[in-house]
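Have the structure open beside you as you read.

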Amino acid sequence: MVSQSFILEIEAAGTAAEQDRAREIVQLLRARGRFMSADAPIRVSLASLVEYFEGQGLKNAEKSVRSAIEANPAMFALEQADDVTLVVTTRAGRRPVAGDAPSPHDFKQRLKTPLPKPEHSTLPQRERLKIDSGWATIGDRITLEDLEADTSYDDELIEAEEVIEVPMLVEEVAEIAEEPAAPAAPVAAPARTITIPTILPTDVTGVDDLAVASAIRDRLLADPRIANFGEQWMMEERVPRFSRGDLRRLREYLQEQEQPMTDDMLAQDVLGVRVGSPEFDLTRFAVDFRLSREKEFEFVGTANQRFWSTTGLAQIGTSRRKPN
């Protein structure tokens, strides 16, 4: 245990009796605020101090306490709160100093008062690409004479029929540029109607509950999607799977203990799952269900105490011997 003591920064004033009384009052207030900071104000009612000193056998306790407090204004301060007189000091043994008013610019105030929204966005605006409007009227500007005046083609390779078809293509391009084609309306798929046959529920009011439970159990046991151990059931896909390394560690742990172990101990010591955790019951069920599928492990417990052993584990107890 680490204890920290504070030395009085101010010597007590007054008579010898008032000085001793002032030191006792400081020690009492220190015991009240032993977990507070050095400059935090410690408040105790004057009546409780008088009652304490009267219990110690001091005569005229109220007069003695008041005279000691009034003789040491640098050590004590008196406050009034709902007709109750409070004696205030600090662990350093001096009168508390009133601190500055709390700043309104604190973390809580800044969270409640967000910054004003800027008038203009600080992000630069991305320029939008613009297409020259001249491309829409290209068909009006290109004529047959312009195409015939182009000397970049060989006259022998251009035929008369090809030259006549060029203005028709230009007019089609102009019409497409001026009047964009409207998007085709999507064709809705025909609605499908599914008819489910009506199945009447089976009346089992006249069947015994044990027979119904047995039928449900047989049906679940035949379903490979259901995992079962004892009277516990779960979807097989939700049961955790163990790797070959986990199975090897379980087998080695049983061989080291040289005795069968419960599923609780296997889940805690080998798989590292604590009792009371949300996944403990699921891991314990996974141990029982997965080990029941392995040939190297053998179940030697009961319905309430589930013990597991390995096939090569030595027999518990004395070895069997012939009488002779």
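I looked up D20 and found it partly exposed, at 41% relative accessible area; buried means under 20%, exposed over 50%, and partly exposed in between (1.4 Å probe, protein chains only). The model is predicted, so to speak of local features I need pLDDT of at least 70, side-chain atom pairs count only at pLDDT 80 or more, and totals for chains, interfaces and linings use all residues. Numbering runs from 1 along each chain as its sequence is written, and side-chain values use heavy atoms, leaving out hydrogens and water.

Next, I checked the partner of D20. Its side chain meets that of R23 in a salt bridge (3.2 Å, N to O); the term means a side-chain nitrogen of Lys or Arg within 4 Å of a carboxyl oxygen of Asp or Glu. Both residues lie in helix α1 (residues 16–32), 3 residues apart, about one turn of the helix. Helices are DSSP runs (H or I, at least four residues), and strands are too (E, at least two), numbered from the N terminus. R23 is partly exposed as well, at 32%.

E294 and R244 form a salt bridge (3.8 Å, N to O); E294 sits in the loop between α11 and β7 (297–299) and R244 in helix α9 (residues 244–257), 50 residues apart. E294 is partly exposed at 25%, while R244 is exposed at 55%.

Last, I looked at R284. Its salt bridge with D281 has the closest N and O atoms 3.1 Å apart, and the two are 3 residues apart in helix α11, about one helical turn. I noted 15 salt bridges in the structure.
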